[in-house]
Amino acid sequence: MKPVDNFTRIGEENAFTVLARAATLAAQGMDVINLGIGQPDFPTPPNIVEAAVKALRDGHHGYTPATGIPQLREAVAADLHRRFATDTNPDHVLIVPGGKVTMFTAILMFGEPGADILYPDPGFPIYRSMIEFTGARPIPIPIREENAFAFSADETLSLITPETRLIILNSPANPCGGVTPRAEIDKLVAGLANHPDIAILSDEIYDQMLYDGEEHVSLLTYPDIRDRLILLNGWSKTYAMTGWRLGYSVWPEEIFDKARKLAVNAWSCVNAPAQWAALEALTGPQDAVTEMVAEFDTRRKLTVELLNTLPGVSCITPKGAFYAFPNITGTGWKAKPLAAELLEKTGVATIGGPDFGVLGEGYIRLSYANSQENIRRALERMREFLSR
Ligand code: PLP
């Protein structure tokens with residue numbers, strides 16, 4: 001057989017490999033504490049689950065429009081208006097099976113040999129994987145601890161070449177928990193005025209997971225780039241719905257139809273009852289979101305406080321998402337062997353920084369989407385291990 005060359009370059013997301021290994025160790029009787037995978041440990045709020053059950057009972061069993069049910073596309077536009085006071089035409093909203101699907105579609109649309117695509121490093125691993133898959137050249141935007149893991153507008157603009165087609169941004173960010181301040185985003189958008197042909201993919205999937213009074217700055221609120229902005233968002237993190245496979249994107253009018261056609265070719269439409277559940281998530285009570293974020297905040301403080309007491313470890317306080325990205329250079333360990341040994345010897349699952357890009361060396365990622373008790377137990381095991 002001769003699969004096309006692109007498949008020799010496709011990468012993956014090591015968090016899923018760690019998840020599988022953690023499950024194997026747990027099945028063998030090990031007491032595993034999973035701080036590896038990035039998903040809320042809460043169940044989906046019951047009103048949302050009920051909406052899906054009702055949709056099934058009401059007979060929503062067939063295909064929906066490829067773009068999503070109109071009620072949901074309208075609810076997405078209304079939600080964006082409520083939160084960011086910005087207008088979005090529901091006709092430009094595409095309902096997709098997961099946040100990942102938007103990056104997949106956007107990168108396929110702009111990536112090809114000879115094109116450059118900028119993406120954050122450390123960053124979500126699928127950005128680079130998909131860029132390489134298309135044959136485009138991946139250009140990392142360094143995300144630095146000394147910059148509190150925000151991206152730098154000047155550095156990002158300095159990486160643009162005549163071949164740059166797409167810039168991928170992510171704030172609040174995975175894996176570092178960084179939040180890029182408004183002034184920096186203002187500066188970037190101003191600089192992009194000199195590059196009117198470059199598209200921007202803004203991954204805002206953690207937009208409600210912010211702490212210490214931080215406010216989300218959506219790229220949607222910059223009228224100057226609206227005609228070339230692709231917004232990635234979804235329900236996975238905010239509403240604890242990772243397994244439902246639901247997401248949405250907002251596309252510029254000029255390329256919306258290309259994205260719609262990819263949907264028709266690849267997945268036809270998103271699971272119908274899941275779309276009705278998503279509608280309830282956006283239009284029903286939001287208390288569960290507030291409660292989850294408050295609990296994440298408590299765990300965030302606990303995680304950072306405990307990490308900073310471990311030998312050789314230092315951790316700045318992340319302002320968003322649900323990840324801590326401690327610097328482990330003082331332990332003498334390389335990041336990936338440390339993460340592997342922590343899992344095998346102590347049952348604590350974390351992810352080595354290099355799984356998010358070359359600049360991730362010297363760090364590991366901990367997801368604090370786990371109970372306070374488990375966080376305490378995990379950090380105690382790490383202390384014991386690092387003190388040996
Ligand atoms: N974007 C970022 C930055 C993420 O961290 C994730 C999931 O971890 C996604 C997108 C994908 O989300 P989904 O599970 O909805 O595909």
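In the predicted model, 22 residue pairs, both members at pLDDT 80 or more, are in polar contact across the interface of domain 1 and domain 2. On the side of domain 1 that touches domain 2, helix H1 (6–9), helix H11 (287–307) and strand E9 (323–324) each contribute at least two residues. H11 provides the largest share of that side, namely six residues. By residue class, the side of domain 1 that touches domain 2 consists of 22 nonpolar, 11 polar and eight charged residues.

Salt bridges were also identified between the two domains. Three are found by the rule across the interface of domain 1 and domain 2. A salt bridge is formed by Lys-100 and Glu-13, with 2.8 Å between the closest N and O atoms.

The contact involves 41 residues from domain 1 and 39 residues from domain 2. About 3300 Å² is buried between domain 1 and domain 2, and 60% of this area lies on carbon and sulfur atoms.

Methods:
Residues numbered from 1 in each chain as written. Predicted model: local features only at pLDDT ≥ 70, side-chain atom pairs only at ≥ 80, totals over all residues. Heavy atoms only, no water. Contact = heavy atoms within 4.5 Å. Buried area = accessible area lost by both parts, 1.4 Å probe. Salt bridge = Lys/Arg side-chain N within 4 Å of Asp/Glu carboxyl O. Polar contact = N/O pair within 3.5 Å; in protein donor to acceptor, adjacent residues only side chain to side chain. Helix = DSSP H or I, 4+ residues; strand = E, 2+ residues; numbered from the N terminus. Nonpolar A, V, L, I, M, F, W, Y, C, P; charged D, E, K, R; others polar.
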